[in-house]
Amino acid sequence: MNFRKQLTGGLSSLILSAVMSGSLLAAGVAEFNDKGELLLPKNYREWVMVGTQVTPNELNDGKAPFTEIRTVYVDPESYAHWKKTGEFRDGTVTVKELVSVGDRKGPGSGNGYFMGDYIGLEASVKDSQRFANEPGNWAFYIFYVPDTPLVAAAKNLPTAECAACHKENAKTDMVFTQFYPVLRAAKATGESGVVAPK
């Protein structure tokens, strides 16, 4: 009996300690190290790709703020939640791959903007406990951009660097859903993809 009490008490203390230290936070795929840095998300190319945008210099007087093609992924569990409820759950993770704007001519397809090389990787995480003081409870991370090395763990960026723009311009909960038709079509519908007419 004493051993059972000690075991139960020990487990309770461990759970309480974990909660107090913040290691038991929003359920999700995000992993953090003991410095609070986000670890590079694993296998994100197997997640749901929700959209791609291109911002070439040619459309920005030769000086696009971000000369790149951006492809955004959402973790599957959070996409399923969005599809059911139309909301981004606590624990949502997005990953944004940045690719250079490559060739402007394609064989057979005509002129356009074709993907070049990988030039960056970024991520965002929604966690109401870990990021209680951030707009929308979102934090933003950069794993690499041009002229910087790839890192295995990244610290969240200052609010002014990413969150402020998202808060001001993103349509839904800090996410630019106005540019992601996959999310718009799936929102609270329970459906993925085009639904065939009956």
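UniProt, in an unreviewed entry, lists R70, K96, R104, C162, H166, F176 and Y180 under "binding site". Of these, R70, K96, C162, H166, F176 and Y180 are included in the lining of the largest pocket. Keep in mind that this is a predicted model.

**Two of the listed residues, close up**

Let's take R70 to begin with. R70 sits in strand 3, which covers residues 68-74. Is R70 buried or exposed? R70 counts as buried, because its relative accessibility is 13%, and the cut-off for buried is under 20%. Setting aside residues up to four places away in sequence, R70 touches G51, T52, Q53, T55, K96, E97 and L98. One of those partners, K96, is also on the UniProt list.

Now for Y180. You'll find Y180 in the loop between helix 3 (163-169) and helix 4 (181-186). Y180 has a relative accessible area of 8%, so this tyrosine is buried too. Which residues does Y180 contact, leaving aside its neighbours within four places in sequence? They are V50, G51, Q53, V72 and V175. G51 and Q53 turn up among the contacts of R70 and also among those of Y180.

**Salt bridges**

As a general point, side chains of opposite charge can pair when their charged atoms come close. A search through the whole structure turns up seven salt bridges, among them the pairs in this table.

| Pair | N to O distance |
|---|---|
| E31 and K42 | 3.9 Å |
| E58 and R104 | 2.8 Å |
| D75 and R89 | 3.4 Å |

Start with the side chains of E31 and K42, which meet in a salt bridge. E31 is in the loop between helix 1 (2-21) and strand 1 (38-39), while K42 is in the loop between strand 1 and strand 2, so the pair ties together parts that are 11 residues apart in sequence. E31 counts as partly exposed, with 40% relative accessibility, whereas K42 counts as exposed at 59%.

R104, from the UniProt list, has a salt bridge with E58. E58 lies in the loop between strand 2 and strand 3, and R104 in the loop between strand 4 (93-101) and strand 5 (105-106), so this pair ties together parts that are 46 residues apart in sequence. E58 counts as partly exposed at 46% relative accessibility, and R104 as partly exposed at 32%.

Then there's D75, which forms a salt bridge with R89. D75 lies in the loop between strand 3 and helix 2 (76-85), and R89 in the loop between helix 2 and strand 4, so the parts tied together here are 14 residues apart in sequence. Are these two residues buried or exposed? Both D75 and R89 are buried.

V125 belongs to strand 7, residues 115-126. With a relative accessible area of 2%, V125 is buried. Beyond its neighbours within four places in sequence, V125 is in contact with A30, F32, L38, T92, V93, F131, N137, W138, A139 and Y141. Take A139 from that list: the C-alpha atoms of V125 and A139 are separated by 5.4 Å, with the two residues 14 apart along the chain.

Where does L59 sit? L59 is in the loop between strand 2 (48-55) and strand 3, and L59 counts as exposed because its relative accessibility is 63%.

Note on methods
Residues are numbered from 1 along each chain as its sequence is written. This is a predicted model: local features need pLDDT of at least 70, side-chain atom pairs count only at pLDDT 80 or more; totals for chains, interfaces and linings use all residues. Side-chain values use heavy atoms; hydrogens and water are left out. UniProt positions are given in the numbering used here, feature names are shortened, and annotations may be inferred rather than shown by experiment. On a 1 Å grid over the protein atoms alone, a cavity is a set of points where a 1.4 Å probe fits but cannot get out, and a pocket is an open set with protein on both sides within 12 Å along at least five of seven lines; lining residues have an atom within 4 Å of a point. Helices (H or I, at least four residues) and strands (E, at least two) are DSSP runs, numbered from the N terminus. Buried means under 20% relative accessible area, exposed over 50%, partly exposed in between (1.4 Å probe, protein chains only). Contact means heavy atoms within 4.5 Å. A salt bridge is a side-chain nitrogen of Lys or Arg within 4 Å of a carboxyl oxygen of Asp or Glu.
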